[in-house]
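Reader: I have a model open on my screen and would like to learn how to read it. Could you walk me through a few features?

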Amino acid sequence: MHINTNLSGIIYFALLSGALLLSQPIHSADLAATYEGKEVCIKCHDLQGETFEETAHAKAFDSLKPKVKSEAKQLAGLDPTKDYTNDTNCIGCHTTGYGEPGGYNTDLPGGLAKALRGVTCEACHGAGSIFREQHGEAENKLKREGEYTDRKVLIAAGQNYDYEAKCVACHLNYEGSDYSGTHPPFTPFTPTLDEKYKFDFIKSVMHSGENGIKSIHEHFKLIGVFQGEAPALRDELQKNAIDPNDY
């Protein structure tokens, strides 16, 4: 049987290239960060996860269901008997990572869909597939070598510290807002409907909201394995954070 030498050379090159690629280490920082779901986060941050479950953000997806928050929906001109859980005008601000790699979409399998419903951990902190690895590596490095890791690696890996920008993208996204990034679909829940829809970022992260319900989880003292510049708000939250041993 005659083998075409050009073809055999191409096959050999392809196999060799594949072997070389497999032999090279794949660095997670070279990949796009994707969303993993709150269950991955609370494996380590269990107290944050426990207190998050009682927050308004945890129940954000449920508020889209029929006969939930009926009075507010009527005020905004929405049908309180309608199911809005598949409405693309709504789920962008009531789920985590909608429209982004690995984020929520209506075709996700049950377990992952459930983990990304509501305004969960990654909605504020960023898609975690890469930066969560950095947390583990930094903790191991401190234990093994006694050295801290520069916080810059977290930012490079996609961890978000601009919490306010994440919040206003939904809370101030209404027609007539002073927020420069407004775009459709707009939220119908505006300050013209009710004063409670006026958004105060500092109040939302530091204090309880309507009926004493917090918008975000309680803050607990974190193990300090990173060093370097951090946002002032993070330092402020940690200064007043709860000692896990006292909870």
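**Reading a helix and a pocket**

Author: In helix α8, F131, Q134 and A138 are buried, where buried means under 20% relative accessible area, exposed over 50% and partly exposed in between, with a 1.4 Å probe and protein chains only. These three cover an arc of only 40 degrees around the axis, which puts them on the same side of α8; the arc is that of the directions from the helix axis to the C-beta atoms. This is a predicted model, in which local features need pLDDT of at least 70, side-chain atom pairs count only at pLDDT 80 or more, and totals for chains, interfaces and linings use all residues. Residues are numbered from 1 along each chain as its sequence is written, and side-chain values use heavy atoms, with hydrogens and water left out.

Reader: Which residues are exposed on the other side of α8?

Author: Those are K143 and R144.

Reader: And what do the buried residues of α8 pack against?

Author: Packing is read from contacts, meaning heavy atoms within 4.5 Å. Here the partners are α7 (121–125), β1 (149–150), α9 (152–156) and β2 (226–227). Helices (H or I, at least four residues) and strands (E, at least two) are DSSP runs, numbered from the N terminus.

Reader: How is the span of a helix checked?

Author: The expected span is 1.5 Å times one less than its number of residues. For the 15 residues of α8 (residues 131–145) that should be 21 Å, and the end C-alpha atoms are 21 Å apart, which agrees. Just after α8, G146 takes a positive phi of about 70 degrees.

Reader: How should I read a pocket?

Author: On a 1 Å grid over the protein atoms alone, a pocket is an open set of points where a 1.4 Å probe fits, with protein on both sides within 12 Å along at least five of seven lines; lining residues have an atom within 4 Å of a point. The second largest pocket has a volume of about 200 Å³, that is, the space filled by probe spheres set on the points. Its lining includes K38, E53, F61 and R117. The largest share of this lining, three residues, comes from α6.

Reader: How many residues of that lining are nonpolar, polar and charged?

Author: Three are nonpolar, two polar and seven charged. Asp, Glu, Lys and Arg count as charged; Ala, Val, Leu, Ile, Met, Phe, Trp, Tyr, Cys and Pro as nonpolar; the others, Gly among them, as polar.

Reader: What about the chain as a whole?

Author: There are 12 helices and two strands, and 33% of the 247 residues count as buried.
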